[in-house]
Amino acid sequence: MQALTCTVAQGGVLDNIVSQFSNAGYAWQSKINPIVKQIFYALFAMEFMWQLTVKKVFAGDIEKLWVFFFTRMVLGFFFAHYIINVSLYQEIIEYFANLGSVSSGYTLSLSAGQNFKNLGPSEIVSNFSCISNAISAVTDGTGAFDYITLKITLAIMQVILLVVLSLTAFYIIKVILQAYFLLYAGFILTGFAGSSWTMGFWQRYLQAVAGVAIKFLAVSFLLGVLTVQMQGWATDVNAAKDIVALGAVILKVLGSAVIISLLCSELPEWAASTLASNVNIQFGEGLGGAVDMLSGAFSGSFRK
């Protein structure tokens with residue numbers, strides 16, 4: 001058997017789909033940002049006037065009115081500068097992705113056109129070509145009716161392997177596209193942080209960002225495992241001396257590919273649903289004070 005080397009070029013069709021989506025997201029950002037700012041300032045102004053007129057002037061609570069103005073303005077500008085900023089949410093996701101890269105060595109990025117530095121969806125599917133070529137090289141060197149049962153089995157396993165690798169690539173694409181859609185299309189929900197009346201919309205958005213960030217953590221770890229496994233696949237395939245040995249190798253490859261694919265479909269979703277809910281509970285407790293300040297409730301505490 002002639003030794004084969006799995007060399008898969010980057011930049012395939014699936015990688016290009018993700019790159020096109022990321023470029024569209026970055027272009028959309030310039031359009032959505034002014035809309036989000038307008039929503040934030042409109043809600044902020046409405047609640048500010050409500051608190052000023054109903055809770056302060058009409059209620060006769062005008063003592064230490066400068067505290068009310070100060071706390072409202074400081075918190076409002078803080079939110080407008082830091083919270084209404086898509087870079088904050090992108091950095092949250094990339095921070096968790098980097099945590100996964102520390103343990104797995106795999107880097108997953110949200111930068112436009114540079115999502116995959118190690119292994120992308122196209123490369124995952126393209127590994128099928130290397131294994132398929134190895135099978136063809138071995139089976140072509142045997143007689144037409146030699147090992148006929150094993151040849152049929154190998155053909156079936158090739159089809160299953162293609163499906164499994166395609167599903168794995170799909171799971172990776174889904175997580176990345178979810179992140180882009182959330183960052184840019186869902187970013188409009190951050191504008192509702194402008195008032196305590198609508199703060200819940202922003203809280204749910206932040207919980208969704210936390211969920212996608214945890215998915216990135218799990219995906220980065222799994223792709224690191226997959227990268228090592230695929231390198232081992234090529235080594236084992238090249239070391240096979242005959243069709244019987246190759247059949248055993250392909251069975252092992254298929255088994256590990258199925259397990260990794262199942263992990264890619266289940267682990268990120270489970271981690272996001274479990275951990276993101278805890279993040280939201282902890283965050284909700286801390287956010288209560290900020291919401292009270294935004295609504296002017298703390299201004300009375302300065303009066304002695």
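Along the sequence, the protein follows the pattern α-α-α-α-α-α-α. It has seven helices and zero strands. The model is predicted. Of its 304 residues, 44% count as buried. Among contacts with a separation of 6 or more, 83% join residues 24 or more positions apart. The accessible surface comes to about 14900 Å². Carbon and sulfur atoms hold 67% of that surface.

Salt bridges were searched for across the whole structure, and two were found. One is formed by the side chains of Lys174 and Glu269, at 3.8 Å from N to O. This pair links distant parts of the chain: Lys174 belongs to helix α5 and Glu269 to helix α7, 95 residues apart. The other joins the side chains of Lys215 and Glu269, at 3.2 Å from N to O. Lys215 lies in helix α6 and Glu269 in helix α7, so this pair ties together parts 54 residues apart in sequence.

Lys215 is buried, with a relative accessible area of 9%, because buried means under 20%. Lys174 counts as partly exposed, at 27% relative accessibility. Glu269 is also partly exposed, with a relative accessible area of 32%.

The cavity search gave one cavity of 30 Å³ or more. About 30 Å³ of space lies in this largest cavity. Its lining consists of Tyr171, Lys174, Val175, Cys264, Ser265, Pro268 and Glu269. Helices α5 (148–185) and α7 (243–294) are the elements that give two or more residues to this lining. The largest share, four residues, comes from α7. By class, the lining has four nonpolar, one polar and two charged residues. Lys174 and Glu269, both in the lining, are also partners in a salt bridge.

A further site was examined at Phe192. This residue sits in the loop between α5 and α6 (199–239). Phe192 is partly exposed, with a relative accessible area of 23%. Not counting residues up to four places away in sequence, Phe192 touches Ile39, Leu43, Thr198, Met199 and Phe201. Ile84 is 108 residues from Phe192 along the chain, yet their C-alpha atoms are separated by 9.6 Å.

Methods
Residues numbered from 1 in each chain as written. Predicted model: local features only at pLDDT ≥ 70, side-chain atom pairs only at ≥ 80, totals over all residues. Heavy atoms only, no water. 1 Å grid on protein atoms, 1.4 Å probe; cavity = no way out; pocket = protein on both sides within 12 Å on 5 of 7 lines; lining within 4 Å. Points joined across faces, edges and corners; volume = space filled by probe spheres on them. Nonpolar A, V, L, I, M, F, W, Y, C, P; charged D, E, K, R; others polar. Buried < 20%, exposed > 50% of the residue type's maximum accessible area, 1.4 Å probe, protein only. Contact = heavy atoms within 4.5 Å. Areas by Shrake-Rupley, 256 points an atom, 1.4 Å probe, with all protein chains shown as cover. Salt bridge = Lys/Arg side-chain N within 4 Å of Asp/Glu carboxyl O.
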